[in-house]
Structure formats: C-alpha cells, structure tokens
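Reader: I would like to learn how to read a few local features. Can we take them one at a time?

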Amino acid sequence: MNKRLFFTIAVLAGVLLALPGSASAQQSFDLIDLEGSWAIYLYGAYETKTEHMFGAFYLNGHGTLTDGSNTYRGNSGAFLAGQLQIDANGGVSGFLQIETWALRMDFIRAQMDRSKTEITGFVTGQWYPALVRMVKTSGEPAVEEGGEGSGEETS
C-alpha cells in the first residue's frame, strides 16, 4: 500500500471517529443518574475574599435533596432544600439552598460527565457567580440500560 493511500485512509478514519454517532448510539442521561450521595465544592469570589463551600448531600431518584450538611465561609450548617434536573445530554439545572444566610445557589450552566459520577458548572448566588464541582460518593456509576455492569441480577 502506498503512503498516500494509507494517509488518506487514516485521515478518513479519524474524521469518522470524530463525528458524533447517531442519536440512538449517543449516551443518554436520566433523572435517576442524579440519585445518590454527592460531595460538593464551591469556588468563587466576593469582593476580594475567596468564597468557598464544601459539603455532602443526598439526592433521591427525583433529584430532590433529602439530607446534607456543609461548611460555607467557615460556618457549619445544613442544606435546607434543593431540586436538580438533568436533560438527555447531561445538562444539569436547578438549585441548592444552604442554611447559612439561607443562600440559594441556582445552577446556570452545569454538565454531568460521561461516567455519571461528576458534575461541573457555574452557579449564581446571593453575591456572586461561582464554580461548582460535585462528585458522586455512593454506589457504582450509572450505566446504560442493559449495558455491561448494569448491576441487574438475573434469576
């Protein structure tokens, strides 16, 4: 095989691999992917002070926060409320509210990763926009229905 033909085939293969797959072959996300325990980290700026928060909470299968605690700017408190949604492409929206100053963080742009174990994005709060990172700390990553490692038992 000459070099030019080999190069052409390699370029075409690369282009085909880079193209998105059909809708049925692309990964899909569902509300159940949010269920579980999450660690959360918030990074941002308010005037010249660094905003920060870290904590842990649990979301049920409907994306509703059921329990959790956090430390925001050195103040320990609980999560008061929260409701997150996810679209078929992994885009996350909704809000979380913490006890300290009843601060509500609205998700303005967030994305779940392909392993369904991390969410990274931006939130707005009382005084700032901030970067939020959430890491799933419970269970196995969600997998496509019928996929390998789906955890479904057969009898």
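Author: Start with contacts, and keep in mind that this is a predicted model. Beyond its neighbours within four places in sequence, K136 is in contact with D33, E35, G36, S37, W38, K116 and T117. K136 itself belongs to strand β8, residues 129-136.

Reader: Which side chain of opposite charge is nearest to K136, and how far away is it?

Author: To read a charge, look for a partner within 4 Å. Here the nearest is D33, 6.1 Å away. K136 is buried, yet it has no salt bridge.

Reader: Which backbone oxygens does the side chain of K136 reach?

Author: Check backbone atoms as well as side chains. One is the backbone oxygen of D33, at 3.0 Å. Another is the backbone oxygen of E35, at 2.9 Å.

Reader: Which residues make the nonpolar surface patch?

Author: For a patch, each residue needs over 30% relative accessible area. Y41, Y43, F54, I108, F122 and L131 make one of about 580 Å². Take Y43, in strand β1, residues 36-46. Y43 counts as partly exposed because its relative accessibility is 42%.

Reader: Where does W101 lie, and what is its phi?

Author: W101 is not a glycine, yet its phi is positive, about 60°. W101 sits in the loop between β5 (91-98) and β6 (104-112). Its relative accessibility is 44%, so W101 counts as partly exposed.

Reader: What about A102, and what is its phi?

Author: A102 also has a positive phi, near 50°, and is a residue other than glycine. A102 is placed in the loop between β5 and β6. At 39% relative accessibility, A102 is classed as partly exposed.

Definitions and conventions
Residues are numbered from 1 along each chain as its sequence is written. This is a predicted model: local features need pLDDT of at least 70, side-chain atom pairs count only at pLDDT 80 or more; totals for chains, interfaces and linings use all residues. Side-chain values use heavy atoms; hydrogens and water are left out. Helices (H or I, at least four residues) and strands (E, at least two) are DSSP runs, numbered from the N terminus. Buried means under 20% relative accessible area, exposed over 50%, partly exposed in between (1.4 Å probe, protein chains only). Lys and Arg count as positive and Asp and Glu as negative; His and the chain ends are not counted. A polar contact is a pair of N or O atoms within 3.5 Å; within protein, one must be able to donate a hydrogen and the other to accept it, and residues adjacent in sequence count only if both atoms are side-chain atoms. Contact means heavy atoms within 4.5 Å. Patches are made of residues with over 30% relative accessible area and no salt bridge: like charges are joined within 9 Å, nonpolar side chains (Val, Leu, Ile, Met, Phe, Trp, Tyr) within 5 Å. Accessible areas come from the Shrake-Rupley method with a 1.4 Å probe; for residues, only the protein chains shown count as cover.
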